[in-house]
Amino acid sequence: SAILPIKAVQELMRNLGDEGTVSFVLGANQVLFDIDGILIATRLIEGEFPNFRQLLPEGYSNRLTMSRQRLMEAVRRVGLLARDNTPVKLEFNPALGGVVLSSSSPDLGQAHEAIEAQYEGEEITVAFNPNYLADGLAAATGDNVRVEVRDGLKPGVVKGDNDEFTYLVMPVRLPAPVG
């Protein structure tokens, strides 16, 4: 096994296209790829890839299912006010039948957006970095997406229409309310 820099993988994908043959030679510190005569060499990243499977619980008790595109657009809109690592809060509410996204910045103001969706679970609020959440939504496959969370402190997952894609996203700890 080897860990590759993301830029090297992007370059491989760009040169490979939809079809093609790749051969490679793996050395101690680098790897050389040959894509139909195009040679790409890159250094390997040292270390062990984290065991992300241990972060995935057996099941999630709170599950939001909705249009991937609609949620992605809402995260981007509400995330416009999320400056300096300000998270976007997602308030899952079975009584409302969906999710309310919100973000605030002292200098820019507040943003709120409610979206109808199929939601199973208890009322819960969780916050994510909007860029990380948007990346997971963009990478998911299919028209619909599932966002599954246990609570506001444990990792959540984004899944596409099928279970072939799972994106692990870590929540941001919200400050405790005052008073």
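Begin by selecting threonine 42, which counts as buried because its relative accessibility is 12%; buried here means under 20% relative accessible area, exposed means over 50%, and partly exposed lies in between, with a 1.4 Å probe and protein chains only. The model on the screen is predicted, so local features are given where pLDDT is at least 70 and side-chain atom pairs where it is 80 or more, whereas totals for chains, interfaces and linings use all residues. Residues are numbered from 1 along each chain as its sequence is written, and side-chain values rest on heavy atoms, with hydrogens and water left out.

Threonine 42 belongs to strand S3, residues 38-43, where strands are DSSP runs of E with at least two residues, helices are runs of H or I with at least four, and both are numbered from the N terminus. If you display the surroundings of threonine 42, leaving out residues up to four places away in sequence, you will find that it touches Leu4, Pro5, Ala8, Asn29, Gln30, Val31 and Phe33, a contact being heavy atoms within 4.5 Å. One of these, valine 31, stands opposite threonine 42 of S3, and the two strands S2 and S3 pair in the antiparallel sense over 6 bridges; two strands are said to pair if DSSP finds at least two bridges between them.

Most residues other than glycine have a negative phi. Aspartate 36 is found in the loop between strand S2 (30-35) and S3, and, with a relative accessible area of 63%, it is exposed.

**Next: proline 5**

Now move to proline 5, in the segment before helix H1 (6-16), which counts as partly exposed at 23% relative accessibility. Setting aside neighbours within four places in sequence, proline 5 is in contact with Thr42, Arg43 and Ile45. For arginine 43, which is 38 residues from proline 5 along the chain, the C-alpha atoms of the pair are separated by 7.8 Å.

**The sheet of five strands**

Colour the 5 strands of the open sheet in the order S8-S4-S10-S11-S12, whose pairing is antiparallel. Strand S8 (118-120) and strand S12 (166-169) stand at the edges with a single partner strand each, so one side of each is left without a neighbour in the sheet. From one strand to the next the twist averages 15°, the axes being lines fitted to C-alpha atoms, for helices over the stretch in contact, and angles running from 0 to 180 degrees between N-to-C directions.

Helix H3 (residues 130-139) lies across S10, S11 and S12, and runs at about 175° to S12.

Strand S6 (residues 98-105) and S7 run antiparallel and are joined by 8 bridges; to see one of the pairings, select serine 103, whose bridge partner in S7 is alanine 111.

**Zooming out**

Finally, show the whole protein chain, which has 3 helices and 12 strands and whose C-alpha atoms fill a box of roughly 60 × 35 × 30 Å along the principal axes. Of its 179 residues, 36% count as buried. Of the contacts with a separation of 6 or more, 57% come from residues 24 or more positions apart.
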